[in-house]
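This report describes a protein model, from its overall layout down to some of its aromatic side chains. Please look at the sequence and the structure first.

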Amino acid sequence: MFALADQLTPGIKTYGLLYCLSEINSVTTANQAKEYLDANNLAYVEAVVTSTAEVMQAVDAIIDRVDAIFVPNDSVVQTAMPVVAEAAADAGIPVYGSSAVMVASGAFATISISDRDIGAITADMCHKFLQGTPIEEIPAIVVDQFTTVINTTPAAQIGVTISEDV
């Protein structure tokens with residue numbers, strides 16, 4: 001994700017990490033992002049929330065201190081993505097989300113796994129289980145196929161031109 005951000009909007013020095021503390025997937029992804037950012041000498045400012053009602057206040061607290069916002073896969077923040085995207089566009093900064101749904105809701109871009117592919121893989125695993133394969137014999141699968149999704153509306157709002165090689 002950060003390599004994509006560097007390609008689309010080079011020069012980002014400080015990321016805002018916006019996520020909900022009660023979603024373990026968000027916390028885990030945010031911790032991994034912090035490790036990456038630390039290892040690459042990039043700064044970050046955290047804005048954590050516990051409910052959708054707190055999202056705008058959290059964005060307001062960081063918007064003037066960051067060059068971009070990163071949102072892990074987080075249903076609480078996803079619900080408020082239109083207001084996050086509007087505030088970021090007004091500030092001229094990109095929002096990088098963790099899913100195509102976030103991009104469809106107003107985030108600028110993502111690299112994510114396809115929800116359709118995950119659904120198909122999950123259906124295959126469920127089918128095996130329902131056909132009698134013990135759950136411990138169904139291997140966990142790491143999806144390694146990713147899709148880049150870019151929303152041209154926020155791109156235009158923040159003045160980013162998408163090159164043909166992207």
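## Layout and aromatic pairs

From the N terminus on, the elements follow the order α-β-α-β-α-β-α-α-β-α-β-α-β-α. In total there are 8 helices and 6 strands; helices (H or I, at least four residues) and strands (E, at least two) are DSSP runs, numbered from the N terminus.

The model is predicted: local features need pLDDT of at least 70, side-chain atom pairs count only at pLDDT 80 or more, and totals for chains, interfaces and linings use all residues. Residues are numbered from 1 along each chain as its sequence is written, and side-chain values use heavy atoms, with hydrogens and water left out.

The C-alpha trace spans about 55 × 40 × 30 Å along its principal axes.

Of the 166 residues, 40% count as buried, where buried means under 20% relative accessible area, exposed over 50%, and partly exposed in between (1.4 Å probe, protein chains only). Among contacts (heavy atoms within 4.5 Å) between residues at least 6 apart in sequence, 71% join residues at least 24 apart.

A search of the whole structure finds 4 aromatic pairs. Rings of Phe, Tyr and Trp (its six-membered ring) pair if their centres lie within 6.5 Å; planes under 30 degrees apart count as stacked, over 60 as edge-to-face and the rest as tilted. Two of the pairs are set out here.

| Pair | Centre to centre | Angle between planes | Type |
|---|---|---|---|
| Phe2 and Tyr15 | 4.9 Å | 80° | edge-to-face |
| Tyr96 and Phe108 | 5.5 Å | 70° | edge-to-face |

Phe2 lies in helix H1 (residues 2–8) and Tyr15 in strand E1 (residues 14–20), so their pair ties together parts that are 13 residues apart in sequence. Phe2 counts as buried at 10% relative accessibility, and Tyr15 is buried at 3%. Both belong to a cluster in which ring pairs link Phe2, Tyr15, Tyr36 and Phe70.

In the other pair, Tyr96 is in strand E4 (residues 95–96), while Phe108 is in the loop between helix H6 (100–104) and strand E5 (109–112), so the parts tied together are 12 residues apart in sequence. Tyr96 is buried, with a relative accessible area of 1%; Phe108 is also buried, at 1%.
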